[in-house]
Amino acid sequence: MTHPNPAFDQSEYDDRLTKVRAAMARAGIEVLFVTDPSNMAWITGYDGWSFYVHQGVLVGPDGPPRWWGRAMDGAGARRTVWMPDDDIHGYDDTYVQNPDKHPMADLSELIADCGWGALKLAVEMDNYYFSAAAYIEFLKHHMKIADATGLVNWLRGVKSAQEIEYMKRAGAIVTRMHRVIAEIAHVGMPKNELIAEVYRTGIQGADGHWGDYPAIVPMAPSGADATAPHLTWDDTPLKAGEATFFEIAGAYRRYQCPQSRTLFFGDVPDRYRRAETAVMAATEAVLDIAAPGATCEALAAAFNDTLAQHGFEKDSRCGYAIGLSYPPDWGERTMSLRAGDTTVLEPGMTFHFMPALWLEDGGIEMTEPLLITDEGCEKLCDTPGGLVVKTV
């Protein structure tokens, strides 16, 4: 069956497979098994909400990749992957959440049937979707196991022209989401009602392009809750004199473009204005040097040095790579803007620059998704900078 609506041309998938096999050769890997759904999609096009059961993609020494997963999800594979049906393999439902039968036993049989049983197999050991039980089951079948955590993720760092277009569409979506927040939020509005409109806007999309689901739910803490970075929402009414930051993402064909802004009702306290000034100055310092040839740690140094000049400090990274992602994370889990990351920036890399500050009584987030270009960088969103302030 032919994919009815492929996200990319076949030539792009062919190029990705060539890159994967070259990376495997450099690492001395003969068979690769990836379970990260982002990596599965990048290699094969597979797109389904089936990552709660064991699934993955096998890349052997030659031929197309093999999709493997729950048999009922094979129908979704046939609708989304570029490989022929013969390369789609499903295990029966008796393996699902059965303590007496682990799906990796079935996968081991498939590997043996492919003639790869004696070859060196690498898996993504430190990954949300590969378990200790899966590893133990592999060992029962006397396989030579190696670690391939991040191998495919790093290949995704430089985006193709089509991927960049998808990121820009996602950027237009999150820009519209922030515009809706600024327009309709008001004192007394239950936060869950506002988040419902944020979701509605994100799924409606922008500029004629539909919206996909974000890999992380909206983060929307207010007041003292905003001293923590990863709280979500409840039904508490929005209040005057209280800051709420919204860390949300637009998504298109699973490409994620996160961005944050902070909303304040009434007169903004001086400490928040000082934090706003510091973050905006530090952001400009980063934008000035973000270009091919710079390093991730250089961007972090520019940010932290400028922040310190304004009397603030941030003890966590100030950004990370973004792109194609599935829950529970919209990051690519590769590059980080922090000391010690000497990765050199290249055109086509995309980052969520995350200069958030958490204060004694709240938080301030004004973040920017960035694209590294041939000459420097550009923002992927048109959202106005600074605090979003509404009178009461």
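**Ring pairs and salt bridges in a predicted model**

Let me start with a cluster: F8, Y13, W82, Y166, W210, Y252 and Y255 are linked by ring pairs. Rings of Phe, Tyr and Trp (its six-membered ring) pair if their centres lie within 6.5 Å; planes under 30 degrees apart are stacked, over 60 edge-to-face, and the rest tilted. This is a predicted model, in which local features need pLDDT of at least 70, side-chain atom pairs count only at pLDDT 80 or more, and totals for chains, interfaces and linings use all residues. Residues are numbered from 1 along each chain as its sequence is written, and side-chain values use heavy atoms, with hydrogens and water left out.

The count is 21 aromatic pairs. One of them, W210 with Y252, is tilted, at 5.5 Å centre to centre and 50° between the planes. W210 is in the loop between α8 (191-204) and β7 (243-252), and Y252 is in strand β7, 42 residues apart. Helices (H or I, at least four residues) and strands (E, at least two) are DSSP runs, numbered from the N terminus.

Next, salt bridges. The structure has 18, each a side-chain nitrogen of Lys or Arg within 4 Å of a carboxyl oxygen of Asp or Glu. E332 pairs with R156, the closest N and O atoms 3.9 Å apart. E332 lies in strand β10 (residues 331-336) and R156 in the loop between α6 (151-155) and α7 (161-184), so the bridge ties together parts 176 residues apart in sequence.

What is the N to O distance in the salt bridge of R200 and E197? That distance is 3.9 Å; both residues lie in helix α8, 3 residues apart.
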